Amino acid sequence: MSKDSVKLLNFWPSMFGLRVHYALDLKGVSYDYQEESLLNKSKELLEANPIYTKIPVLIHNGKPICESLVIVDYIDSVWPGSHKLLPEDPYEKAVARFWADFGDKKLYDAGNRLIRAMGEEHKKAGEDFKWALMKIDEALGTIAPGKPFFGGDAMNFADVGLAPFICWFKGYQKVGGFVLPGPEEWPNLHKWVDAVNSVDAIKKSTPSPDKVAEFAEVIRKRVLGAA
Amino acid sequence: RMGEEGLKLLTFWSSPFACRVRLALDLKGLHYDLQEEDLFNAKSALLLESNPVHKKIPVLIHNGKAICESMNIVEYVDEVWPDRGTGFLLPRDDAFARATARFWADFVDKKFLSLTAASFKAAISSGEEKERANDEMIQDMVALERFLESQGGVFFSGSNTSMGFVDIAASFLPWWLPTYTEIGRLRVPGPDTCPLLHRWIAAVKDSPEAKAAFPDQQELLDFTKVRFEEVKKRFAQ
C-alpha cells in the first residue's frame, strides 16, 4: 500500500489552520505544509478551494477538504488511531460539536470585531469576547468537572475547536485594550489553557502569542488607518 | 417506539432551522412532541434551561438531554436512529463523501442563513450595493447547481428518491426563495440557468414530510414582511 500524501495549505496566524495542525499532530499523522500568502494565493489553493479560496485546506491523496471543523472531522474518521477526537456516544459527540462550533459563532466573531470594529461596536466586541470565555469556563466545569480538557484527560473535538484561540488571547487583549480575568474568576479556563499549552503535539505548531499579537496589531492599525 | 420516549422538539413555526430538524425527524419516521416557543414574548423555562448558552430554537430533548444547533441535531438523529425511515442521511462509509456533505450543508448556512451572507446584505441594502450583493447571491446558487449536477440525482444526496444531509440543510429554500423575491426584491436564477435546482425545489415541495415541516407559504410571506421592516431598521447602515 503506497504512503498517504497529506498536505496542509495554511496561513500561520490562522486559528482555523491551527485546528487542523492540532488534529494531525495529536494523531501523529505526517504531513507536508505549505504556507500561503493571502495576498498572493497559490494556484493550488485556488483550485483546491474554488468556493471560498481560503485556508486551511487539507489535501489528502490529491483530494481537497475545506472548512476547518469539516477537516478535523475527516481527520478523525480517516485516522482514528489511539487519539479519537469525537466521543463514541452520540450525545457526547453532539456536545463536543456544539463547543467547537461555539468557537466560530462566538469567539471568532467577537475577536474579529475586536480587530475591525470601531467605537461602541468595538467596546461591545470586548464584552462579547469575555462573555464567550466565561461560557467556556462554565462549560468545562459542567462537562468535565475536575478534568483538564473537554475530552477529560485528553483533548477532544471541542478542545481542538477552541484551543487555537489561546495563542490569540494576547493579541485580542492588546487591540481590545482590556485584560482578561485571571484564575480566581475563571479557574477552569485557566487550568484548561495551561493543560493545552503543556501538550507536546500542541507545542509543535502553535505560533508564538507575541508574533500573533504583533500581527493582530498590524491589521488593527490598517483598519484604523482606513477609517 | 424504543428510545423515542420523551422525544421533544422546541420549535418556532417560521424558523428555517427548526423546520429542517422537523423534516429530518419526520423522514426518520420518529414520534416526538412539538413545543412551539413564544420567541417574541417569553421563552419557556425548558428552552432557557436546555439551551442556556444561545437561548435559541431548535432544541431536541432526548432522554432528558438537550441537543442544540440544527444540523448538529440532524447528525445526532442520524446516529441514534441510522436505519429508521429513509435510512442514513450522511454517507456512512465514505469519509470524503461525508466531508463533502458537511461542507455543502455549511455552505448553505453561510450563504443563506447568516447575517454576513450576500443574500441578507442584498435584501437590506439598496442601489448598486444591492445589485452587487444580489449578483453574488446568484453565484452562490449557481455553485449549488454545479454541486447538484456533480451528485447525479434529483437530490443533493445523489438519490432520485431520498433526501440526505445537504437536502435537509437546504430544505427551507423552496419556501424562503419567494420571500427573497417578493419581500427582499431580489433576483433569483431561473430554470434556464439552474434547471437542476428548480427540479430539486419541485421535488422538495412535493415531499409530504417537507410539506408538513414547513409553514404555509402565504403565512410565511405575511410574517416575513412584518419582520423584515424591523430587521432592516436594525441592520441598515
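Modeller: Helices (H or I, at least four residues) and strands (E, at least two) are DSSP runs, numbered from the N terminus. This is a predicted model, in which local features need pLDDT of at least 70 and side-chain atom pairs count only at pLDDT 80 or more, while totals for chains, interfaces and linings use all residues. Residues are numbered from 1 along each chain as its sequence is written, and side-chain values use heavy atoms, with hydrogens and water left out.

Colleague: Where is Asn61(A) placed?

Modeller: Asn61(A) sits in the loop between E3 and strand E4 (63-66) of chain A. Its phi is positive, about 50°, although Asn61(A) is not a glycine. Most residues other than glycine have a negative phi, and most peptide bonds are trans.

Colleague: Which peptide bond of chain A is cis?

Modeller: The bond from Ile55(A) to Pro56(A) is cis, with omega near 0°. Pro56(A) belongs to the loop between helix H2 (43-48) and strand E3 (57-60) of chain A. In chain B, the bond from Ile57(B) to Pro58(B) is cis, with omega near 0°. Pro58(B) is in the loop between helix H2 (45-50) and strand E3 (59-62) of chain B.

Colleague: Turning to the two chains, how many residues of chain B are in contact with chain A?

Modeller: There are 25 residues of chain B in contact with 25 residues of chain A, where contact means heavy atoms within 4.5 Å. The area buried between the chains is about 2200 Å², with 68% given by carbon and sulfur atoms. Buried area is the accessible area (1.4 Å probe) that two parts lose on being put together, summed over both.

Colleague: Which residues of chain B lose the most area to chain A?

Modeller: They are Val53(B), Phe96(B) and Phe103(B), which together make up 27% of what that side buries.

Colleague: And how many salt bridges are there between chain B and chain A?

Modeller: The count is 6 salt bridges, each a side-chain nitrogen of Lys or Arg within 4 Å of a carboxyl oxygen of Asp or Glu. The side chains of Lys110(B) and Glu67(A) form a salt bridge at 2.8 Å, N to O.

How values were computed:
Chains are lettered from A and ligands numbered from 1 in the order in which they are written.
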